Amino acid sequence: MVVSAASLLAIPNGLNAEDAEQSFRPQLTAKAKELHASSIVIDGHNDLPWKIRTDGDGNFQKLDISQPQPKLHTDIPRLRQGGVGAQFWSVWVPVDLGYQGTALLTTIEQIELVKKMAETYPDDFEFALTVEDIRRIHANGKIASLIGVEGGHCIENSISSLNHLHQLGARYMTLTHADSLDWADSATDEEKSGGLSPFGKEVVQRMNTLGMMVDISHVSVPTMHDVLNISQAPVIFSHSSARTVADSPRNVPDDVLTRLKDNDGIVMVNYYSAFIVPDAARIYHEGVALKRKLQLEGKSADEVQAAAASFHKQNPMPAGTFNDVIEHIDHLVKTAGWQHVGIGSDYDGVGLLPAGLEDVSTYPYITQALLDRGYSDQQIRGILGENLLRVMAKIETTGRQLRQK
């Protein structure tokens, strides 16, 4: 876990960081261990590929994830300890590259990096494209590795580029990231289209035909509703939580959650403290608003960063605890139904995590916590991974049907 001055606010007096992590976890029982081991655990969003690029120059000899990597949230030993059966690796690239015309090329490089990772560690990873692949690879004791494109800036306003990313193996695309696009509005930027533009609707329809999952994490609420209005297949939130619990625009409001049930889609809970702890959400988005204000005033990048650093030093975000994530799961289940909830941690894409969920080894504690709250074995298996497999299978079927028309 990355323990900063902010996260220390969540740690009771007299405990060090390691003790605090343990104190917020339930005691693992034999029942939980057996249930977890016999389930397929799927995380919808992990940003390790960008960390490999920036911290290891894309070189697995320089940053060997078969060995413990304490500066990361993810490595193979901890993935095994966490019982991960399949992982959607985010091939995120900075939004700025979309303005520079290099987002598509850099995304392709990131896709190749994920494939290289599977080739470098063939005893642990295998590249997957379908539900059938995931089940086969998991049955063989390996971690199925899939690709999610994070942000429609990567296609550079081109359906042909979308097709190409799908051909290379991308199985979902998040329609926006932090900035609104010409064709889809982001949750954390000013509106441009009031939702989806006509081209944005074409993107969703093409993804339906490809059998590619439409991911509406990061998008504005009007964009969420526009997607639900036109999508012929279930949709996903690859890494979002419940807005009623923590009022962040990155989270999903209840009126969308009720529609998600009708759509037969899924929301995969995000672990980032800024999205799950109410006070952290307020502070985080005040910081985002400050940065955007200064950028609009024409301040330099260095000035913006200095002002943001000063703001967060004066207003540290509380990290929260393991139980904050469980509260989000409970609300998502209550509002959308247990069949529509999964896990999308955002590991290695965030700088602050709740005590007790510091890395990819901790998934079994989710299983224990759900057992403690009275969830059935079937419900827990669904949340851990089966719900996502159902949704993905339905999207694949819809794509085949549309291509046959």
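## Tyrosine 272 and phenylalanine 275

Tyrosine 272 is buried, with a relative accessible area of 11%. Buried means under 20% relative accessible area, exposed means over 50%, and partly exposed lies in between (1.4 Å probe, protein chains only). Phenylalanine 275 is buried too, at a relative accessible area of 4%.

This is a predicted model: local features need pLDDT of at least 70, side-chain atom pairs count only at pLDDT 80 or more, and totals for chains, interfaces and linings use all residues. Residues are numbered from 1 along each chain as its sequence is written, and side-chain values use heavy atoms, with hydrogens and water left out.

## Aromatic pairs

Rings of Phe, Tyr and Trp (its six-membered ring) pair if their centres lie within 6.5 Å; planes under 30 degrees apart count as stacked, over 60 as edge-to-face and the rest as tilted. By this rule there are eleven aromatic pairs. In one of them, the rings of tryptophan 50 and tryptophan 92 have centres 5.3 Å apart and planes at 80°, so the pair is edge-to-face. Tryptophan 50 lies in helix 3 (residues 48-56), and tryptophan 92 in the loop between strand 2 (84-90) and helix 5 (96-100), so the pair ties together parts that are 42 residues apart in sequence. Helices (H or I, at least four residues) and strands (E, at least two) are DSSP runs, numbered from the N terminus. Both tryptophan 50 and tryptophan 92 are buried.

Tyrosine 272 and phenylalanine 275 also form an edge-to-face pair, 5.0 Å centre to centre with 80° between the planes. Phe60, Trp89, Tyr121 and Phe125 form one aromatic cluster.

## A charge over a ring

The charged end of arginine 25 sits over the ring of tyrosine 365, 4.8 Å from its centre. The rule: NZ of Lys or CZ of Arg is within 6 Å of the ring centre and within 35 degrees of the ring normal.

## Strand 5 and its neighbours

Five of the five residues of strand 5 (residues 170-174) are buried, so strand 5 is largely enclosed by the rest of the structure. Strand 4 (residues 143-150) runs parallel to strand 5, joined by four bridges. Two strands pair if DSSP finds at least two bridges between them. Isoleucine 147 has alanine 170 in strand 5 as its bridge partner.

Strand 5 also pairs with strand 6 (residues 213-215), in the parallel sense, over three bridges. Here threonine 174 stands opposite aspartate 215 in strand 6.

## Crossovers

Strand 4, helix 8 (residues 159-167) and strand 5 make a right-handed β-α-β unit. From strand 5 the chain crosses through helix 9 (residues 198-210) to strand 6, and this β-α-β crossover is right-handed. Right-handed means that, with the strands pointing away from the viewer, the path from the first strand over the helix to the second runs clockwise.
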